[in-house]
Amino acid sequence: MPSSLASHVVLFPFMAQGHTLPLLDLSKALSLQQIKVSIVTTPSNAKSIAENIANYPNINLVEISFPIVDGLPKGCENTSQLPSMEFYGPFLHATKQLQRPFEQALKTMIKSKTPPLCVISDFFLGWTLASCQALGVPRLVFHGMGVLSMAIGKSAWVHAPQQKSMSMFEPIDLPDMKLPFTLTRADLPGELIDSPNQDDPESQFLREAMEAEAKSWGVIVNSFQELEKSHIPSFESFYKNEAKAWCLGPLFLHDRMKGLEKCTNQKDSSMLTPWLNKQVAPDSVMYVSFGTQADVSDAQLDEVASGLEESGTPFIWVVRSKTWSLPSGMEEKLKGRGLIVKEWVDQRQILSHRAIGGFLSHCGWNSVLESVSAGVPILAWPMLGDQFLNARFITDGLGAALSVKRIRNTDSNEVLVSREAICEGVKELMGGQKGKSARERAEALGRVAGRAVQRGGSSHDTLNKLIDQLRAR
Ligand SMILES: O=c1ccn([C@@H]2O[C@H](COP(=O)(O)OP(=O)(O)O[C@H]3O[C@H](CO)[C@@H](O)[C@H](O)[C@H]3O)[C@@H](O)[C@H]2O)c(=O)[nH]1
């Protein structure tokens with residue numbers, strides 16, 4: 001660690017890939033500003049994080065042990081290791097037991113030559129606020145989500161109870177917000193629709209995290225002003241003490257725009273890049289991925305395979321299920337035209353390849369930002385949480401995506417996307433008039449995203465202002 005570094009920032013990511021990766025990107029952006037960064041995490045998460053930051057001498061890891069708790073399989077230190085979503089609640093609660101070791105670690109850092117300017121911790125780690133307040137260090141909360149979806153989520157938390165009797169597709173009014181599209185209850189995350197006032201342990205955990213968030217010194221957002229400026233004031237109105245929302249994103253671009261991103265995540269590139277290089281026509285390949293959390297049934301995966309096959313479009317499809325395999329006869333039909341990958345791929349690298357012309361996506365916020373930054377239009381298929389709002393925003397708000405037709409089975413309440421809907425959506429995105437205009441919008445937004453992280457750009461300058469303000473405290 002170079003000794004000349006004058007400032008020090010502590011990051012504490014939540015142990016889920018979609019939450020950790022953007023904070024690692026932030027650590028690299030800070031490191032580019034010659035700031036020392038300490039990332040607090042648990043031993044098994046430390047292994048993968050260490051690989052990711054291997055080439056960044058200003059970033060170091062501080063390990064604290066994950067507790068052993070009843071109801072959680074031993075060794076589960078990341079949501080990706082949970083046997084099913086049933087374990088999510090116990091996992092959230094287990095993280096609270098990290099408080100003591102975190103405080104010990106923070107005390108040691110405070111006594112060091114470069115005491116931390118602040119702690120940036122994930123929304124889910126709301127209990128870090130009490131530790132930070134006790135030790136006199138400002139806590140900033142980090143959300144993996146965008147400004148609009150967070151503002152809608154907070155407003156709906158307050159106003160949704162009054163709207164509970166409404167049908168799923170009736171427009172709802174959030175009095176404190178100016179929305180870029182007509183919002184219905186079907187767009188809201190499930191926990192807001194079902195009952196925001198439940199007393200179950202998970203709701204209670206979230207309520208505590210929200211209370212801690214509201215009292216934090218500020219909030220770091222992985223977004224950029226040009227994308228979501230008009231929603232920032234209503235978002236900030238939920239914070240006490242005039243806390244500010246600092247839009248520093250797209251976080252992964254800070255490093256990439258300087259050509260500094262190292263090959264940390266690219267086990268796949270030996271196979272995928274040559275395959276993509278062979279696809280001579282630009283914008284001709286569809287990339288398909290549903291992120292790290294959504295569980296997609298085997299029947300639905302079969303429909304995706306058939307839809308992609310019928311569309312005639314070349315594709316790369318990342319499948320999370322280890323047990324699912326292609327329906328019989330399909331492998332032959334797809335030979336040479338489609339690549340199905342079951343390992344972790346470097347999504348950002350794939351999206352930035354000139355051959356990629358569309359992304360069939362679940363609309364996790366990271367995927368939305370990565371696609372837009374690469375100028376790639378999305379075929380939106382939201383599955384859970386904020387993804388419905390992200391999909392509405394990118395489609396109806398920004399015009400950089402089309403929606404895939406989803407049908408809800410009224411008996412089972414399951415959503416099915418048919419092979420016909422997938423085929424139709426892929427064809428329109430890749431070759432239709434609507435797809436063409438979505439691509440133009442995505443490309444324009446990609447140029448703006450790139451400028452935001454460069455010297456003089458909104459996110460670059462906001463990062464400097466944040467550090468100046470913390471130093472001046
Ligand atoms: O093989 C893979 C799979 C994923 N990724 C990366 O993993 C991240 C995935 O993030 P995201 O697209 O946001 O999906 P999830 O991980 O499913 O996102 C969770 O977290 C997001 C941020 O809070 C929320 O918006 C989502 O609803 C929630 O499911 C992205 O950076 C991808 O580039 C890879 O690089 N390779």
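Me: Which residues does isoleucine 378 touch, not counting residues up to four places away in sequence?
Reply: This is a predicted model, in which local features need pLDDT of at least 70, side-chain atom pairs count only at pLDDT 80 or more, and totals for chains, interfaces and linings use all residues. Residues are numbered from 1 along each chain as its sequence is written, and side-chain values use heavy atoms, with hydrogens and water left out. Contact means heavy atoms within 4.5 Å. On that basis, isoleucine 378 touches Phe359, Ser361, Cys363, Val368, Ser371, Ile394, Ala400, Ala401, Leu402 and Leu429.

Me: Is isoleucine 378 buried or exposed?
Reply: Isoleucine 378 lies in strand E12 (residues 378-380); helices (H or I, at least four residues) and strands (E, at least two) are DSSP runs numbered from the N terminus. Buried means under 20% relative accessible area, exposed over 50%, and partly exposed in between, with a 1.4 Å probe and protein chains only. Because its relative accessible area is 0%, isoleucine 378 is buried.

Me: In what order do the 7 strands of the open sheet stand?
Reply: Two strands pair if DSSP finds at least two bridges between them. The pairing in this sheet is parallel, and the order is E3-E2-E1-E4-E5-E6-E7.

Me: Which are the edge strands?
Reply: An edge strand here pairs on one side only. The two are strand E3 (59-63) and strand E7 (244-247).

Me: Which residue in E7 stands opposite valine 219?
Reply: Strand E6 (residues 218-221) runs parallel to E7, and 4 bridges join them. Opposite valine 219 stands alanine 245.

Me: Which residues cover the two faces of E1 as buried positions?
Reply: E1 is mostly covered, with 5 of its 5 residues buried. It pairs in the parallel sense with strand E2 (residues 36-41) over 4 bridges, and the bridge partner of histidine 8 in E2 is lysine 36. The buried residues are His8, Val10 and Phe12 on one side, and Val9 and Leu11 on the other.

Me: Why is helix H3 (residues 88-95) described as largely enclosed by the rest of the structure?
Reply: The buried residues of H3 are Tyr88, Gly89, Phe91, Leu92, Ala94 and Thr95. They pack against helix H4 (99-111) and helix H8 (201-214). H3 is largely enclosed because the buried residues number 6 of the 8.

Me: What volume does the largest cavity have?
Reply: On a 1 Å grid over the protein atoms alone, a cavity is a set of points where a 1.4 Å probe fits but cannot get out, and lining residues have an atom within 4 Å of a point. Grid points are joined across faces, edges and corners, and a volume is the space filled by probe spheres set on the points. The largest cavity is lined by Leu21, Pro22, Asp25, Asn222, Phe252, Arg348, Asn366, Leu369 and Glu370. Its volume is about 50 Å³.

Me: Which element gives the largest share of the lining of the second largest pocket?
Reply: A pocket is an open set of points with protein on both sides within 12 Å along at least five of seven lines, and about 240 Å³ of space lies in the second largest pocket. Its lining includes Trp324, Glu331 and Lys342. Helix H14 (330-334) and strand E10 (338-341) each supply at least two lining residues. The largest share, 3 residues, comes from E10.
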